[in-house]
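Colleague: I am new to this model. Please take me closely through its side-chain contacts.

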Amino acid sequence: MTTTPASSVSPSAFAAVDLGATSGRVILGRVGPDDLDLTEVHRFPNTPVRLPDGLHWNVLALYQETVDGLREAARAGSVTSIGVDTWAVDYGLLDADGVLLGTPYHYRDGRTDDAARRVWPHVEPEELYRTTGLQHLPFNTVFQLASAAGTSQSRTAATLLLIPDLLVHWLTGTVGAEATNASTTGLFDARTRTWSAQLLERLSLDPGLLPPLRHPGDPAGTLLPHVAAHTGLDAGTPVVTVASHDTASAVAAIPATAPHFAYISCGTWSLAGLELDAPVLTEASRAANFTNELGVDGTVRYLRNIMGMWLLEECRRTWEAQGLPTGLPRLLAEAARCEAFGAVVDPDDPVFLAPGDMPGRIREYCRRTGQPAPDSQGALVRCILESLALAHRRTLRQAAELAGRDITHIHLVGGGSRNDLLCRFTADATGLPVIAGPTEATALGNILVQARAAGRVADLAAMRRLVAATQHLRRYTPRGDGAAWDAAAARLTPARTEPPCA
């Protein structure tokens, strides 16, 4: 299968800076008419720092690692362009001289726990949703800004840059706001697809704080001379605006070649939903806590955030500190041998949001809900994976009902696609086939948007065909007892009836 006319042009190399909540990478992607190859040239941890005033991102270290990674990319060969994606909602504030004010807060910091109370008197929840279409999460940018109101930083700030835009600013000296990430802030109008002047006025926020919007594929600038000198890249190397919200990049790389698909981008978070042409801004959608975020080419990512593999990651951190085994293959093998549905939890319960003793919190949740607490590492892992599969099922069935769409199959991408047990459970729980992979969907989406900007691939459909033709995918067909999954779901939501997933 070819996605662009065959030619003698050799593959072009693009550098993706891909920062996740726990680690970052610089990946070199080579794209040709029938080629899509990735090479990880630099990997580094993303470790937050707890200061006296709260939990922060070590953004200076992340920038230095980014520049070091670009130097490794330059050593691997010629680089056509660079793109940056990260997580959403968090930001840095610049003063009038463009200097960073303080260290960006981490979205898991507790300062936003009651911040919504400062917003509702000015904009009621229903009105906020009708404007932004955004899922209520306590750490959305709008609530972070409310929690910071009146501080010296907020009084001094001249510009707000979301984390990927901040890194692009340091690489190029330019200022802008990429639209897919801007759509996660709670300050973006889902219908007009611009910053909401009405919301900014109601919340007494200076419109000048928010920079002009950019869209995936737009030029963002070229490397500053000192960055080029440090990395060994050409001074004229372009930085291209990609879908800088990592989930938007991941969805762009879904290997969908047939309609009626749902997706789950599974990593620290599971982002489960549908790709639509227009937002769903109904009261029923708000009550179900679904979000409408922008994707590539004006598509809408209609989804809900699920706590995801965070629960397992935090368990492994706790076990490592206790000197217990943390190897994932061993834990998964033990989980596969454990009793099915010994206990299930709601991954989105707020008790699981903050870092800390996750095994203890899961056991306490089970005791509180009248279930036997998992008594081994394997039982805890099985509890987490079955619970995530149930959350995937619930979310996709609700999305289909609220959007009036049929679902025939699920694409599960990201790090979770490597987890055979989770993929199997998701297929069994939903009763739908699951196509797992690619694992590096976010980096692929980042690279493919750059490749399209350089004329190496035609459009979004061609991008996805290229992924499907070149990446390793696995298919899981539903099996097992659907009634057992129904009974487990009823344990979590006894009063809720789940619509069928067509």
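**Charged pairs and aromatic rings**

Modeller: A salt bridge joins Glu-72 to Arg-75, with 2.7 Å between the closest N and O atoms; the term requires a side-chain nitrogen of Lys or Arg within 4 Å of a carboxyl oxygen of Asp or Glu. The model is predicted, so local features need pLDDT of at least 70 and side-chain atom pairs pLDDT 80 or more, whereas totals for chains, interfaces and linings use all residues. Residues are numbered from 1 along each chain as its sequence is written, and side-chain values use heavy atoms, without hydrogens and water.

Glu-72 and Arg-75 are 3 residues apart in helix H1 (residues 59-75), and therefore about one helical turn separates them. Helices (H or I, at least four residues) and strands (E, at least two) are DSSP runs numbered from the N terminus. Glu-72 is partly exposed at 27% relative accessible area, while Arg-75 is exposed at 61%. Here buried means under 20% relative accessible area, exposed over 50%, and partly exposed in between (1.4 Å probe, protein chains only).

In helix H12 (residues 310-321), Glu-314 and Arg-317 are likewise 3 residues apart, about one turn of the helix. Their salt bridge has its closest N and O atoms 2.5 Å apart. Glu-314 is buried, with 5% relative accessibility, but Arg-317 is partly exposed at 38%. Asp-114 and Arg-117 form a further salt bridge, 2.8 Å from N to O; Asp-114 is partly exposed at 33% and Arg-117 exposed at 60%. The structure holds 21 salt bridges, and a network of them links Asp-18, Arg-25, Glu-40, Arg-43 and Glu-440.

The aromatic rings come next. There are 12 aromatic pairs in the structure; rings of Phe, Tyr and Trp (its six-membered ring) pair if their centres lie within 6.5 Å, with planes under 30 degrees apart stacked, over 60 edge-to-face and the rest tilted. The Tyr-107 and Phe-139 pair is tilted, because the planes stand at 50°, with the centres 5.0 Å apart. Tyr-107 lies in the loop between strand E7 (91-94) and helix H2 (116-119), and Phe-139 in the loop between helix H3 (125-132) and helix H4 (141-148), 32 residues apart. Both Tyr-107 and Phe-139 are buried. Phe-139 also pairs edge-to-face with Trp-269, at 5.9 Å centre to centre and 65° between the planes. Trp-269 sits in the loop between strand E15 (261-266) and strand E16 (270-276), so this pair ties together parts 130 residues apart in sequence. Trp-57, Trp-87, Tyr-107, Phe-139 and Trp-269 form one aromatic cluster.
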